[in-house]
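These are my notebook entries on a structure that I looked through one topic at a time.

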Amino acid sequence: MTQQLNTQAFAYAKQFTDNAFKAQAVALKGLEQVTELQLKAFEKQARSTADYVAQVSEVRDLEALRGIWEKGASLTRDQAEEAVAVSREIMAVTQKTAESLSSLLQAQQQAANDAVAAAPVAAKKAAAK
């Protein structure tokens with residue numbers, strides 16, 4: 001009887017650790033994708049801002065200042081649009097990750113339900129022998 005309980009306990013522990021490992025892998029993959037999106041956006045914004053600062057340093061008269069002002073407004077608008085686009089992509093990745101974790105949890109619950117339903121049948125068979 002003790003061996004049967006130990007076997008079941010080890011089986012449940014193995015199932016739990018396997019599912020925890022799968023969940024961690026899914027979460028890390030999502031985190032990696034989000035980080036990659038953010039780093040690409042940051043790099044692009046840093047590059048365009050550095051170019052703008054270089055242009056600002058070359059301003060010598062009022063007409064050039066007026067032109068650089070328009071470029072600054074355009075740069076700000078472009079960066080805001082890019083930030084919104086990246087945020088949408090991040091939300092899509094987050095939603096996909098959450099769906100994957102949810103399906104993993106449902107599979108684990110179904111396996112646990114099946115194991116609980118199979119236990120009385122196995123006990124009846126063992127008692128009949």
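This is a predicted model: local features need pLDDT of at least 70, side-chain atom pairs count only at pLDDT 80 or more; totals for chains, interfaces and linings use all residues.

**Entry 1: terms and ground rules.** Before looking up any residue I noted that buried means under 20% relative accessible area, exposed means over 50%, and partly exposed is what lies in between, with a 1.4 Å probe and protein chains only. Residues are numbered from 1 along each chain as its sequence is written, and side-chain values use heavy atoms, with hydrogens and water left out.

**Entry 2: the overall form.** The 56 residues of helix 1 should span 82 Å, and the end C-alpha atoms are 80 Å apart, which agrees.

I then asked what box the C-alpha atoms of the protein chain fill along the principal axes. The box is roughly 100 × 20 × 10 Å. The radius of gyration is taken over C-alpha atoms, and the globule rule is 2.2 Å times the number of residues to the power 0.38; a compact globule of 129 residues would come near 14 Å, but this protein chain has 29 Å. Buried residues make up 11% of the 129 residues.

**Entry 3: where the helices meet.** Here contact means heavy atoms within 4.5 Å. Of the contacts in the protein chain with a separation of 6 or more, 79% are accounted for by residues 24 or more positions apart. I followed this up with a few residues of helix 2.

L75 is found in helix 2 and is buried, at a relative accessible area of 16%. Not counting residues up to four places away in sequence, L75 touches S48, T49 and Y52. The C-alpha atoms of L75 and S48 are separated by 7.7 Å, although the two residues are 27 residues apart along the chain.

T97 also lies in helix 2 and is buried at 15%. Leaving aside the neighbours within four places in sequence, T97 is in contact with V26, A27 and G30, and G30 is one of the buried residues of helix 1.

A107, again in helix 2, counts as partly exposed at 45% relative accessibility. A107 and N19 are 88 residues apart in sequence, yet 9.3 Å apart in space from C-alpha to C-alpha.

**Entry 4: the nonpolar core.** A nonpolar core is a set of buried Ala, Val, Leu, Ile, Met, Phe, Trp, Tyr and Cys residues joined through side-chain atoms within 4.5 Å. Which residues make up the largest one? I found V34, L37, A41, V86, I90 and V93, 6 residues in all. Helix 1 and helix 2 are the elements that give two or more residues to this core. Taking V34 as an example, I noted that V34 touches I90, V93 and T94 when residues up to four places away are not counted.

**Entry 5: salt bridges.** A salt bridge is a side-chain nitrogen of Lys or Arg within 4 Å of a carboxyl oxygen of Asp or Glu. Side chains of opposite charge can pair when their charged atoms come close. A search of the whole structure finds 5 salt bridges, and I looked up some of them.

K14 pairs with D18, the closest N and O atoms being 2.9 Å apart. The two are 4 residues apart in helix 1 (residues 2–57), so about one helical turn separates them. K14 is exposed at 52%, whereas D18 is partly exposed at 33%.

K40 and E36 meet in a salt bridge at 3.2 Å, N to O, and both lie in helix 1, 4 residues apart, about one turn of the helix. K40 counts as exposed at 54%, and E36 is partly exposed at 41%.

R66 and E63 form a salt bridge at 3.4 Å, N to O. Both lie in helix 2 (residues 62–128), 3 residues apart, about one turn of the helix.

Terms used: The expected span of a helix is 1.5 Å times one less than its number of residues.
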